[in-house]
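Let's take a walk through this model together, starting with its strands and ending with a few backbone details. Keep the viewer open as you read.

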Amino acid sequence: MTEITRDVVIIGAGAAGLTAANELKKAGLSVAVLEARDRVGGRLWTDVIDGAMLEIGGQWVSPDQDALIETLDELGLETYERYREGDSVYIGEDGTLTRFTGEIFPVKPETEKVIVELIEKLDAMVALVDPDRPWESPDAEALDAISFEEWLRQQTDDTEARENIALFIAGAMLTKPAHAFSTLQALLMAASAGSFSHLVDADFILDKRVVGGLQQVPLLLAERLGDDVHLNAPVRTLHWGDDGVTAEADGITVHARQAVLALAPVLYNRISFVPALPRRQHQMHQHLSMGFVIKVHAVYERPFWREQGLSGTAFSPFELTHEAYDNSNHGDERGTLVGFVSDKNADGVFDLSPQERKERILESLSHYYGPEAKDPVVYYESDWGSEEWTRGAYAASFDLGGLHRYGPDLRAAVGPIQFACSDLAGAGYQHVDGAIRMGRLAAERIVAADRT
Ligand code: FAD
């Protein structure tokens with residue numbers, strides 16, 4: 001058993017924890033990062049599967065994500081645009097496939113009118129929401145008491161318009177059914193990306209990727225920390241008080257003045273806090289839960305859809321794979337499609353055998369791209385729900401009423417413990433940008449406290 005003393009112990013080597021550790025080190029403080037897994041990066045993970053490099057977790061960068069873009073620049077990482085030449089495809093309620101360009105799905109004119117009006121209405125509501133303080137926005141309490149599904153039902157009887165608008169937040173972002181989160185939570189998701197329109201615009205929200213994969217951010221941040229990062233070191237107990245903290249992990253104990261808890265909030269209860277955390281945190285953390293989505297990769301000898309003039313961008317709230325994109329790697333001759341199977345659909349296919357699941361998912365992709373989609377040379381499904389140190393994807397959100405009730409305390413420190421994770425962010429919420437912002441905030445607070 002190793003026993004060391006540092007100024008700050010950071011628990012979790014994802015983007016948030018490694019950002020905090022680097023900022024603290026820059027400020028002259030000594031750090032130890034304790035990571036449960038045998039790798040750094042958490043929900044950022046680039047792996048080679050059957051010879052194909054795949055980004056199993058987070059990968060896209062959008063133009064508003066200043067904190068992430070600054071970090072990419074600082075680390076000297078290059079980005080490239082997602083392939084987007086040609087037509088997108090949409091499958092309607094009756095199963096008809098339509099090619100289209102632009103952002104609005106090709107639906108009946110009366111449905112399109114409702115969709116455009118709803119987007120305008122949501123944009124106006126989102127403009128009044130400060131992503132860092134959504135609980136202070138007009139009607140916050142009432143908006144947090146009504147599910148997004150119910151709110152949409154109150155706006156229109158047009159099912160296809162409702163399903164389309166719900167898709168941008170439910171299946172595509174929070175990865176929970178629209179009845180499971182509030183309208184305020186939906187507004188936060190949109191405000192964190194700048195507007196509701198940004199979520200509708202795939203070319204904005206899924207704009208760029210990093211050459212070599214986004215996991216390079218945590219890998220390079222960890223490289224700068226060298227021996228200060230300890231892998232295979234899940235923290236089991238955290239003693240805390242006025243005189244500092246002691247983190248007991250497998251194989252190592254760290255004594256420090258302060259701690260940064262940089263893990264998904266659904267995992268806080270895996271740690272025994274001595275003394276226990278305050279009542280407010282005990283309650284609040286139970287109201288946050290992970291969404292669930294399967295990220296599917298299918299790699300082909302060539303990007304055959306481009307020959308048909310298709311961009312690879314595909315949507316349908318009525319398909320098992322509700323959205324899919326060209327995800328071919330930079331400089332790779334092979335073509336890769338990425339598709340997403342969200343919440344209840346994901347539960348459903350995990351009830352099947354792996355072979356049946358693969359067939360069902362590829363069948364769904366073939367509805368967008370034709371029969372060739374059924375024969376990839378490499379096929380891979382992410383399974384973040386089974387990952388002990390994550391337990392879902394993409395991130396955590398509040399149940400009905402939780403955001404207004406607990407939001408103001410979400411990022412509050414408890415004694416010498418700071419909390420940092422993308423799931424607690426305002427701007428950049430549920431994204432790597434938010435993780436970096438939260439890592440910076442925790443470090444700033446610690447440095448400020450250290451100076452006084
Ligand atoms: P995490 O990455 O979860 O890091 C927490 C770390 O803490 C982990 O390494 C974990 O192992 C460790 N840990 C947990 N418990 C303990 C313990 N007791 N002791 C020690 N260590 C512990 N974001 C984007 O910006 N763009 C995208 O395209 C995108 N797509 C995504 C696709 C998928 C499939 C997933 C899963 C996520 C995606 N995201 C995306 C979200 C993004 O990946 C996350 O928001 C971000 O990586 C979270 O970083 P974090 O540091 O806050 O948390």
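Two strands are said to pair if DSSP finds at least two bridges between them. Helices (H or I, at least four residues) and strands (E, at least two) are DSSP runs, numbered from the N terminus. With that in hand, look at strand β7 (residues 87-91), which pairs with β8 in the antiparallel sense over four bridges. Within this pairing, Phe100 in β8 is the bridge partner of Ser88.

Before going further, a word on the source. This is a predicted model, in which local features need pLDDT of at least 70 and side-chain atom pairs count only at pLDDT 80 or more, while totals for chains, interfaces and linings use all residues. Residues are numbered from 1 along each chain as its sequence is written.

Now for the sheet around that pair. Seven strands form an open sheet with mixed pairing, in the order β8-β7-β18-β19-β20-β17-β21. Its edge strands, β8 (97-100) and β21 (378-381), each pair on one side only. From one strand to the next, the twist averages 20 degrees. Helix α14 (residues 354-369) packs on this sheet and touches β7, β8, β17 (293-300), β18 (310-315), β19 (323-326), β20 (335-342) and β21. The direction of α14 makes about 115 degrees with that of β20. Here, contact means that the C-beta atoms of two residues, placed from the backbone, lie within 7 Å. Axes are lines fitted to C-alpha atoms, for helices over the stretch in contact, and angles run from 0 to 180 degrees between N-to-C directions.

The next stop is another open sheet, made of five strands in the order β10-β3-β2-β14-β23, with parallel pairing. The edge strands here are β10 (229-230) and β23 (417-419), each pairing on one side only. Strand β2 (residues 8-11) has Val8 and Ile10 pointing one way and Val9 and Ile11 the other, and all are buried. A residue counts as buried if 20 or more other C-beta atoms lie within 10 Å of its own, as exposed if 12 or fewer do, and as partly exposed in between, with C-beta atoms placed from the backbone. In a regular strand, side chains alternate between the two faces of the sheet.

What does β2 pair with? Four bridges join β2 to strand β3 (residues 31-34), and the two run parallel. The bridge partner of Val8 in β3 is Val31. To get from β2 to β3, the chain passes through helix α1 (residues 15-26), and this β-α-β crossover is right-handed; that is, with the strands pointing away from the viewer, the path from the first strand over the helix to the second runs clockwise. Four bridges also join β2 to strand β14 (residues 258-261), again running parallel, and in β14 the bridge partner of Val8 is Gln258. Helix α16 (residues 432-451) lies across β2, β14 and β23, at about 155 degrees to β23.

Let's turn to helices. In α7 (residues 183-191), nine of its nine residues are buried, among them Leu184, Leu187 and Leu188. Helix α8 (residues 196-200) holds His198, which counts as partly exposed because it has 19 C-beta neighbours inside 10 Å. Leaving out residues up to four places away in sequence, His198 touches Ala193, Phe204 and Ile205.

Some backbone details deserve a look too. A cis peptide bond, with omega about 0 degrees, joins Val274 and Pro275, and Pro275 lies in the loop between β15 (272-274) and α11 (279-286). The bond from Ala393 to Tyr394 is also cis, with omega near 0 degrees. Tyr394 sits in the loop between β21 and β22 (396-398), and Arg391 is found in the loop between β21 and β22 as well. Arg391 is not a glycine, yet has a positive phi of about 75 degrees.

Finally, step back to the whole chain. It contains 16 helices and 23 strands, and buried residues make up 51% of its 452 residues. The radius of gyration, taken over C-alpha atoms, is 22 Å, which agrees with the value near 22 Å for a compact globule of 452 residues, the globule rule being 2.2 Å times the number of residues to the power 0.38.
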